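Thank you for making the time this morning.

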Amino acid sequence: MSKYLDRAKELRAITEVHYNCAQSVIVPFAKDAGITEEAAMKVAVNFGSGMKMASVCGAITGGLMVLGLFGVDDAGAVGEYYGKLKERHEGFLNCGDLLRINKEKGQEKKPHCDGMVYECVELVEEILKSRNKL
């Protein structure tokens, strides 16, 4: 288990404040990226629910934000990130599509979204470690 994944799980368990999927991915990395958790929350506030319009999944965009904060913005890293997520999710990256497929499988929304957050945190951490950023 990693400290980033542990923190993401803590955030997703909080019910008093809603941490959207993007916030739940970026906040665990904030301190190590050199920003406050408050700043991370503000940056990611409009990226939950697929940019609030069922577009690209908030967990996925949160992961892109983290990669950017650590200076990982090359096409190879971003392509690796997208590629692995597409492999795992039938080629889909949009929140609306991911939730539709999840519902068709008879699964609940919250566990699905939590799973996307955890998956993106782990994948981002893996990419950052492979590039000696963590």
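What we are looking at is a predicted model, in which local features need pLDDT of at least 70 and side-chain atom pairs count only at pLDDT 80 or more, while totals for chains, interfaces and linings use all residues. Residues are numbered from 1 along each chain as its sequence is written, and side-chain values use heavy atoms, with hydrogens and water left out.

When I speak of helices, I mean DSSP runs of H or I with at least four residues, numbered from the N terminus, strands being E runs of at least two.

Let me begin with helix packing. Two packed helices are described by the angle between their axes and the distance between the axes. The axes here are lines fitted to C-alpha atoms, for helices over the stretch in contact, and the angles, taken between N-to-C directions, run from 0 to 180 degrees.

For helix H6, residues 58-69, and H7, the axes come within 11 Å and cross at roughly 160 degrees. That makes H6 roughly antiparallel to H7, on a scale where angles under 35 degrees count as roughly parallel, over 145 as roughly antiparallel, 65 to 115 as roughly perpendicular and the rest as oblique. H6 passes H7 in a right-handed crossing; a crossing is right-handed if the near helix is turned clockwise from the far one by less than a right angle, and left-handed if anticlockwise. Contact, by which I mean heavy atoms within 4.5 Å, is made by Ala59, Ile60, Gly63, Leu64 and Leu67 of H6 and by Val78, Tyr81, Tyr82 and Leu85 of H7. By class, this contact of H6 with H7 has 8 nonpolar, 1 polar and no charged residues, where Ala, Val, Leu, Ile, Met, Phe, Trp, Tyr, Cys and Pro count as nonpolar, Asp, Glu, Lys and Arg as charged, and the others, Gly among them, as polar.

From H7, the residues Ala77, Glu80, Tyr81, Lys84, Leu85 and Arg88 meet Glu119, Cys120, Leu123, Val124, Glu126 and Ile127 in H9. The residues of this contact divide into 7 nonpolar, no polar and 5 charged.

H9 also meets helix H8, residues 95-104, and here the axes come within 10 Å and cross at roughly 130 degrees. That makes H8 oblique to H9. The contact is made by Leu98, Leu99 and Asn102 of H8 with Lys109, His112, Cys113 and Met116 of H9, and its residues divide into 4 nonpolar, 2 polar and 1 charged.

Now some single residues. In helix H2, Gln23 is buried, with a relative accessible area of 4%, and, leaving aside neighbours within four places in sequence, Gln23 is in contact with Leu11, His18, Pro28, Met41, Ala44 and Val45. Ile127, which lies in helix H9, is buried with a relative accessible area of 0%; with the neighbours within four places in sequence left aside, Ile127 is in contact with Leu67, Val72, Ala77, Glu80 and Tyr81.

Finally, backbone angles. Lys52, found in helix H5 (residues 48-54), has a phi near 60 degrees, a positive value in a residue other than glycine, and counts as exposed at 57% relative accessibility. Asn132, in the segment after helix H9 (109-130), has a positive phi near 55 degrees and counts as exposed at 70% relative accessibility.

Methods:
Buried < 20%, exposed > 50% of the residue type's maximum accessible area, 1.4 Å probe, protein only.
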